[in-house]
Each structure stands twice: as structure tokens, then as C-alpha cells.
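Subject: Structure handover

Hi there,

Here is the structure I promised to pass on. Please have a look at it first, and then read on for what turned up.

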Amino acid sequence: MSEKINVGVLGATGMVGQRYIKLLENHPWFKVTYVAASPRSAGKLYKDAVSSRWLIGADIPSDVANLTVQDANDAKLAIGKCKFVFSALEMGKDEIKALEEAYAAEGIPVVSNASANRWTNDVPMLIPEINANHLDIIKKQQAHHGWDKGFIAVKPNCSLQTYMMPLHALIMAGYPVKRMIVTTLQATSGAGYPGVASFDMIDNIVPYIGGEEEKTEKECLKILGTVDGDVIKNAELPLVSSTCTRVPVIDGHTACVSLEFDLPEDKKPSLEEIEKVWTSYRSLPQELDLPSSPLHPIVVRHEENRPQPRRDRETEKGMACVIGRLRKCNVFDVKFVALSHNTKRGAALGGILNAELLKAKGFFDNL
């Protein structure tokens, strides 16, 4: 495309907001022209607002460094300065929900990383490889609110990215899953900054992350659901039991997964058939050749000790699900270990991929 779309970032000074800023540098379709954050940062140049807490490990993009930070609480300030916004807001869920709706009401679409609207039944919760058809609900969402151009689309919890594509690939290949047990080993960056105190993480594992098990067990059902009239109807299967832990890893969420197929014994896939399904998996982002889409969404490794966060999280520029240790399960049918990059696929770059899908499907054409 010849002309880039001007975009904004809400919560631009936070950890996820900073990653959006860095990942959007030199993006072929989008250009950051608007940054907004809390009132304490408003009025400052972006480079000054983050001078003591720039966390990304690279220089602040020069075209953003001298933008003046606006107050994210005033949606009207974004009018005329950007066509849509990425939401990386860090505040209470009710506040985020109201604020994202305020931007949409002003005709500014919101592509959100926040959890506040994930369970709003007319808001699509997208993993583009899995449920791009959920974009059909946006017209109903706009009609419900009386919005002309604005709308809200969200991405799911970061840990789901670890195993949802391999699960979807099996379902689409005719191997429905009845039950699933998941144990996540989640990186410290998933807690934001400053996050979990280093004294709690060094030489330690924390076997509880507030709200994560509920998200793990329920969000997958909305993603696998169907558009039913003016709402998204959740799938009934699989039944999921999860345990979510925090481990001393900076980036990269790992999941240990056991699956039971909803099939007669003689119809269940072999390990070889499962691997073939995963390695051949392609979906709409690959067909559309979206800039942030991985060429190989699922990568299978055969070493006994892989995947590992330090070695495998950057596979396909941090956008692939990396799977290893596929084997028979003595309780269910099969089990495996999966890894994804929680601050790329699971956060900002996943949000950017959502925006690319929206752009490719024409949702920004009339802004």
C-alpha cells in the first residue's frame, strides 16, 4: 500500500504500550502518530515520559520520541490525529471498558490488548488463524451501540496463544477434543512492570496467578464459538482444567497439555497424523500474507528437551507456537509441551496482527 494509516497507542508509556511503539516502527501499513497515557504523563514529550522506564532494550523510535503524550481519558483528543487506536490501557476493568467504548463512540476503532471487553458478547476475541469469521459480529456491535465507524476488537489472554492453534488445527482436521488438562509455566513479563518482585521469583515458582485459570478454561470456548445472531455463542467443548504458575523466565509462556479426543478409539489420530496436521497448518493470515503473520504458525521440534523459552521463543519472529515432546498419555490420549512468546504473539504483535486482519478485510476503509 502507498499510504500508511495513522494509528494511536493508549497506555503508550506502559510495558505493553512500549512494545507496541517499538514493533510498529517501520511497519509497512501503520504509522504511530498519537500516544496517550495517564494524566501524570500527559503534556510531556514521549521520550521524557518514558526516559527512566523505557524497558524494550532498544532506542525509542525517532518519529514517536517527540510526540506529545495526551490524556488517554479524553477520547476526543484523538479525533483527527489517528484512524484507530491500539489499547494497552492499565487501569480497572470497568474503567477500561468504558473508555474503549468512548473511543469507539467517537468513530475511532479500538484494537485492544486489555481484558475488559473479552467477555462482551458482541466483541470478537481474535486469534486470526482461528476465528477471523467472528469479525462478522462487528456490524451487530455497531448497530447495538449506534456507532457509525467505531468498534472494539480484542485479543485473548497471552497464555492461550501457547496451545490454541494446535488445538484448532486438530479440530479442523476432524479430530475434536473432549477434555484437556493444561499446566502453564508463565514468564515474569506477563505480570507487567515492575511485576513480581525478584525476591519472589529467584529460586522459586509461584503456583498461582490471579484470574489466569479462569481465563484459560473459558476464553478458549469463546474463540472456538460461533456468531449466532447478534452475539458470539461459546463452544461447549473442550472441557478444560488448568493450573497456572509463574516461573523465573523473562519472556515465553510454556504449557504442558494433555488431550482426550471426542472420538471412538479406532478413529483417534496417531502421533504421526497429529504432527502432519500441525506442520501443514495454514490459515487466513498466511493466505493474506499479512505482514506480521508467521509463515509456519506451528513448528514441531523433535529434541527431547525442547521447546525452551531462551532457544525457541523467537521462532518465526516470536509469532509461532513451538511444540515438542508429543507422546502418548497414560490418562488421556496424547500430551505435549508448547511454547509461545507472550509479549509478541501473546500481546503487542498479536494485537498488530489483529489490526492487519481488520485492514485486509476492509474495516478501516471508510475511516
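A word on element names before anything else: helices (H or I, at least four residues) and strands (E, at least two) are DSSP runs, numbered from the N terminus. Residues are numbered from 1 along each chain as its sequence is written. Please keep in mind that this is a predicted model, in which local features need pLDDT of at least 70 and side-chain atom pairs count only at pLDDT 80 or more, while totals for chains, interfaces and linings use all residues, and side-chain values use heavy atoms, with hydrogens and water left out.

Two strands pair if DSSP finds at least two bridges between them.

In α1 (residues 15–23), the buried residues are M15, G17, Q18, R19, Y20 and I21; buried means under 20% relative accessible area, exposed over 50%, and partly exposed in between (1.4 Å probe, protein chains only). Those residues pack against β1 (5–10), β2 (30–37), α2 (46–49), α3 (62–65), β4 (84–87) and α13 (348–360).

**Two buried loop residues**

A78 lies in the loop between β3 (70–71) and β4. Because its relative accessible area is 0%, A78 is buried. Leaving aside neighbours within four places in sequence, A78 is in contact (heavy atoms within 4.5 Å) with Y34, Y103 and I108. A78 and E106 are 28 residues apart in sequence, and their C-alpha atoms are 9.0 Å apart in space.

N117 sits in the loop between β5 (110–112) and α5 (128–131). N117 counts as buried because its relative accessibility is 0%. With neighbours within four places in sequence left aside, the contacts of N117 are K97, E100, E101, V123, I152, V154 and K222.

**The mixed sheet**

The order β10-β7-β11-β14-β13-β12 belongs to an open sheet of six strands with mixed pairing. Its edge strands, β10 (239–246) and β12 (298–300), each pair on one side only. On average, neighbouring strands here are turned by 20° against each other, direction ignored.

Strand β7 (residues 177–186) and strand β11 (residues 253–261) pair in the antiparallel sense over eight bridges, and R179 stands opposite E260 in β11. Seven bridges link β11 and β14, also in the antiparallel sense, with S258 opposite K335 in β14. β13 and β14 run antiparallel and are joined by five bridges, and a hairpin connects β13 to β14 through five residues. Six of the seven residues of β14 are buried, so this strand is largely enclosed by the rest of the structure.

Helix α9 (residues 212–223) lies across β7 and β10, at about 145° to β10.

**Pocket and cavity**

This part may be the one you open first. On a 1 Å grid over the protein atoms alone, a cavity is a set of points where a 1.4 Å probe fits but cannot get out, and a pocket is an open set with protein on both sides within 12 Å along at least five of seven lines; lining residues have an atom within 4 Å of a point. Grid points are joined across faces, edges and corners, and a volume is the space filled by probe spheres set on the points.

The largest pocket has a volume of about 710 Å³. Its lining has 33 residues, of which V16, N113, R118, G190 and G192 lie nearest the centre. The elements giving two or more residues to that lining are α1, α4 (93–105) and α9, and α1 gives the most, with three.

The structure holds one cavity of 30 Å³ or more. The largest cavity is lined by L126, I127, P128, K155, Q161, R345, G350 and N354.

Best wishes

Technical notes:
Axes fitted to C-alpha atoms, helices over the stretch in contact; angles between N-to-C directions.
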